[in-house]
Structures are given as C-alpha cells and as structure tokens.
Amino acid sequence: MGNLVGDRAVVLGGSMAGLLAARVLSEAYAEVTVVDRDKLIGVTTARRGVPQGRHVHGLLARGQQILEELFPGFTAGAVAAGVPTGDLGELRWYFNGVRLKPGTTGLTCVSAARPVLEAHVRKGVEALPNVSFVEETDIVGLVATPDGDRVTGVRVQRHAEGSTEEVLEADLVVDCTGRGSRTPVWLEQLGYERPAEQQIKINLTYTTQVFRLPDESILNGDLSINPVSSPSHPRGAFFSRIEGGKSAVSMTGVLGDSAPATPEGFMDFARSLPVPDVYDVIKDAEPLDDPVAFRYPASVRRHYEKLDRFPDRLLVMGDAACSFNPVYGQGMTVAALESLTLRTHLAKGTPPDPRAFLKDIAAVIEVPWGISAGGDLSYPEVQGPRPFMVRMMNSYMAKLQAAATQDGRITRTFMRVAGLVDPPQALMSPGMIFRVLRNAGKAPRNVVVSPAEEPASATTGP
C-alpha cells in the first residue's frame with residue numbers, strides 16, 4: 001500500500017454504495033470499517049435494510065464495467081456462479097406496447113437478483129485485508145469537534161443484549177445509508193443548513209414473484225422481457241432470467257396503480273399488460289414464492305453541492321445523495337460512478353474536500369437524474385416544472401422510441417445512453433436525428449410519437 005491519506009475511514013451502510021466506497025477507500029486508508037444494522041457476511045437473501053432487494057434490479061452496462069475494473073474477473077465469476085448475461089440491446093424491450101428492433105450494443109447485462117449481486121461484490125470487499133464489517137449495529141449519530149467544523153467519528157450501538165453506545169473514531173466518515181439518510185438532521189444538529197431537495201412524485205409500486213419455467217425454450221434464448229410503462233401504457237413489467245434456473249417478474253404500477261400481492265391478482269395484472277409475452281411465459285410456470293410489493297413514492301435529490309458550509313471529513317454517496325425511480329435501473333451504476341469520483345479525490349494524497357467532492361458527484365448525478373426525472377415528467381399527472389428543454393426532449397424521445405421499433409441502430413444508441421456508457425448527445429447527432437425522423441412515421445399506429453399534453457396543474461414546483 002502506498003502513501004496513506006489517513007488511519008481509519010468509516011462507511012455508514014453496507015449496501016452497494018457502501019461496499020464500493022469501502023473498496024476505493026481501502027487504497028487510501030490503513031483501516032476501513034463498514035457499519036450496518038443488518039447482518040451482512042454470508043447473506044444472499046433480501047435484507048431488511050434494502051426493502052427493494054426482492055425485486056428485479058438492473059445493473060446498467062457502465063456499472064458492470066466499473067465493477068469489472070474494481071474487482072477484476074467479477075463478470076466471469078458471476079457467470080461461473082450461474083448468473084445469466086446478455087447484450088443490453090438484444091433484450092426484448094417494449095415501449096408503448098411495441099417491441100424495439102434489437103440492436104447489438106456490445107454491452108453486458110448481468111441478470112442477478114439484487115442480494116446475489118450484492119453478495120458477489122461484498123465477497124470482493126471481504127477479501128481486502130484492511131476492511132472490516134461491524135454488523136447488526138445501529139448508527140446513532142456523528143461525533144464532531146466542539147465547533148462542529150470537523151467530523152471525528154460516529155456513535156453506534158450494537159444489537160447484542162447489554163450493549164451500550166460506543167464511538168468509532170474516524171479520519172473520514174462516508175454516509176451510504178440510502179434514501180433514509182439522517183445527514184440532513186445531523187447537519188442541523190451541528191449548526192449547518194439542510195440541503196435543498198427535489199422530489200418527483202411518481203408513486204411507483206413493484207410487485208414481484210419468482211418462478212421456475214417448465215421449459216426455458218419458450219423464451220427463444222431471450223434473457224428478459226420488458227414491457228416498459230409509459231403514459232400511453234402505464235402498466236409495465238420486468239421479466240428476467242436470474243441465477244439458479246429461476247426467473248423473476250416485477251410488475252410495475254405508477255400513480256397509485258399496483259399489481260395485487262396475491263397469486264390470482266398478480267396473474268390478472270400480467271394479463272392486463274400491453275403485450276401478452278410475460279403472461280404467456282409465466283402462466284404455466286411453477287411459483288417459488290408469493291408475490292411481494294414495494295412502494296416507491298418519489299425520486300429524491302439532495303443538493304449538498306449548493307450548501308455554503310459543510311463539515312470537514314464527511315461525505316455523502318449513493319441514495320443518500322440521490323434516490324432514483326428504480327425502473328430506470330440507475331442507482332447501483334451511479335453509486336459505482338461516484339466511487340470512481342471518490343477514487344480521483346483520494347489520488348490527490350490528501351483527505352477529500354467535502355464540498356469539492358459533493359460538487360463533483362452532483363455532476364455525475366445530473367445526466368441520470370435528467371433521464372429519470374424527464375421520463376417521469378412525461379406523465380401528465382406527475383407534478384413538477386417542465387421547462388422548454390424537458391418538453392422538447394420528451395417529445396423527441398417519444399419519436400425516438402417509435403423509430404426504434406423500425407431501426408436497430410437507434411435501439412443500439414438508445415441503450416448505450418440508457419446504460420450510462422454514451423452521453424445523451426449521442427441521441428442528438430445529425431445522423432441519429434435523421435434516422436429518428438425517417439423511421440418515426442413508419443411505427444405502428446398505436447405507438448405514441450408525442451407525449452401527452454401537460455396539464456396546467458403540473459407547472460408547480462416539486
């Protein structure tokens with residue numbers, strides 16, 4: 001290990017963001033401690049602290065690339081463990097009830113249940129000699145200097161009977177506790193302002209069930225079937241083959257709609273989807289569990305980068321900084337991108353400057369936030385400001401998705417942008433605009449080529 005930035009870093013939260021933070025911190029601190037309220041080591045099932053863990057997850061292509069960089073051989077190890085993979089552009093994608101024409105992207109989609117994927121990453125972190133885990137422990141609060149200018153540790157209390165509150169001293173504390181993060185409260189307690197928040201209220205529900213298909217040949221080799229919800233077809237689903245010869249199906253409802261968490265209601269919802277593919281695949285399949293529901297009320301972005309003051313030796317990452325609508329599959333990949341940002345700051349050889357770091361991850365968040373927030377604002381019922389650029393892009397994206405039903409090269413570029421590999425500008429090149437305009441009119445008549453009109457009530461701020 002080269003020159004160290006400090007003796008100990010403490011990571012709050014042991015989910016994907018916390019694990020990736022620990023991985024890069026291990027290169028710069030003599031000791032890294034990960035604290036979580038759940039049991040972590042050896043766990044391959046959904047944890048209480050990750051309520052969305054039972055549902056279909058997407059590791060976007062850029063996330064897969066970063067995991068491969070941080071944990072060489074990660075993808076091969078997942079495949080050897082029975083995790084299916086495929087090309088992102090060759091999945092069975094449906095927008096507005098019509099299938100996009102497949103387009104080979106060269107990008108790998110890793111199709112694993114969230115707890116299994118997390119366990120593979122955690123195994124890589126566990127192998128690091130200077131990383132340790134403090135499990136089944138509550139995070140009580142921060143410890144700071146008397147003037148509140150610098151965080152010096154964290155107060156915790158283990159779940160074991162008879163345990164008392166203790167202090168873990170730290171040269172750096174990184175909050176990766178997710179959308180329930182208490183950093184805004186802790187800042188207020190230390191005499192700082194809370195960050196401003198943006199919310200996009202989509203009122204999403206996932207209802208998920210796992211099946212074993214009697215014969216996977218019914219899939220014709222496809223890894224997944226994804227009729228994506230849209231203003232014209234609000235009900236959606238994600239069907240994915242996962243590890244162990246199983247398949248997971250997440251039904252999605254928006255704006256208060258939801259698939260019932262009963263076997264009969266689940267199947268009825270599947271029958272109501274805009275395409276029959278998912279129902280046709282699971283109608284004769286063996287259910288391996290009962291349906292379970294998860295509600296996601298709103299995407300939340302906390303603008304820490306706009307604060308004038310922030311305590312030294314404290315960072316915020318992952319869903320604690322920005323929680324995205326999960327249908328876009330961005331959360332784990334954005335956390336991975338933020339971990340590379342942290343690595344860049346640590347490479348300077350000094351403790352990260354919190355305000356500079358928070359400004360830099362705000363730039364990382366900007367593109368995926370624009371994609372997910374803009375997509376949600378295409379629903380007329382979702383409240384939020386719609387400046388000209390959002391309205392223009394939503395109109396163009398509706399045409400692009402219609403054109404992609406005719407042209408696989410459009411699908412290829414669309415999926416590379418959605419996978420956070422290529423920049424959004426790739427969708428706006430002269431050649432791409434020409435393809436979109438040439439093909440949009442060829443789409444089937446039931447494909448919507450412009451979003452619904454915005455109601456007057458939707459012009460209020462979040």
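Visitor: Is Phe266 buried or exposed?
Guide: Phe266 is buried in this predicted model, because its relative accessible area is 0%, which is under the 20% cut-off.

Visitor: Which ring does Phe266 pair with?
Guide: That would be Phe211. Phe211 is buried too, with a relative accessible area of 1%.

Visitor: How many aromatic pairs does the whole structure have?
Guide: A search finds five. In the pair of Phe211 and Phe266, the ring centres are 6.2 Å apart and the planes stand at 40°, so this pair is tilted. The two residues come from distant parts of the chain, 55 residues apart: Phe211 belongs to strand 12 (residues 196-212) and Phe266 to helix 6 (residues 263-271).

Visitor: And what about Tyr304 and Phe310?
Guide: Their planes are at 85°, so they make an edge-to-face pair, with ring centres 5.9 Å apart. Both Tyr304 and Phe310 are buried.

Visitor: Which residues form an aromatic cluster?
Guide: Trp93, Phe95 and Phe414 form one.

Visitor: Switching topic: where is Ser240?
Guide: Ser240 sits in strand 14, which covers residues 236-241. Ser240 is buried, as its relative accessible area is 10%.

Visitor: What does Ser240 contact?
Guide: Beyond its neighbours within four places in sequence, the contacts of Ser240 include Val56, Ser111 and Leu223.

Visitor: Where does Thr75 sit, and what does Thr75 touch?
Guide: You'll find Thr75 in helix 3 (residues 74-80). Not counting residues up to four places away in sequence, Thr75 touches Gln64, Glu68 and Thr108. Thr75 counts as buried, at 13% relative accessibility.

Methods:
Residues are numbered from 1 along each chain as its sequence is written. This is a predicted model: local features need pLDDT of at least 70, side-chain atom pairs count only at pLDDT 80 or more; totals for chains, interfaces and linings use all residues. Side-chain values use heavy atoms; hydrogens and water are left out. Helices (H or I, at least four residues) and strands (E, at least two) are DSSP runs, numbered from the N terminus. Buried means under 20% relative accessible area, exposed over 50%, partly exposed in between (1.4 Å probe, protein chains only). Contact means heavy atoms within 4.5 Å. Rings of Phe, Tyr and Trp (its six-membered ring) pair if their centres lie within 6.5 Å; planes under 30 degrees apart count as stacked, over 60 as edge-to-face and the rest as tilted.
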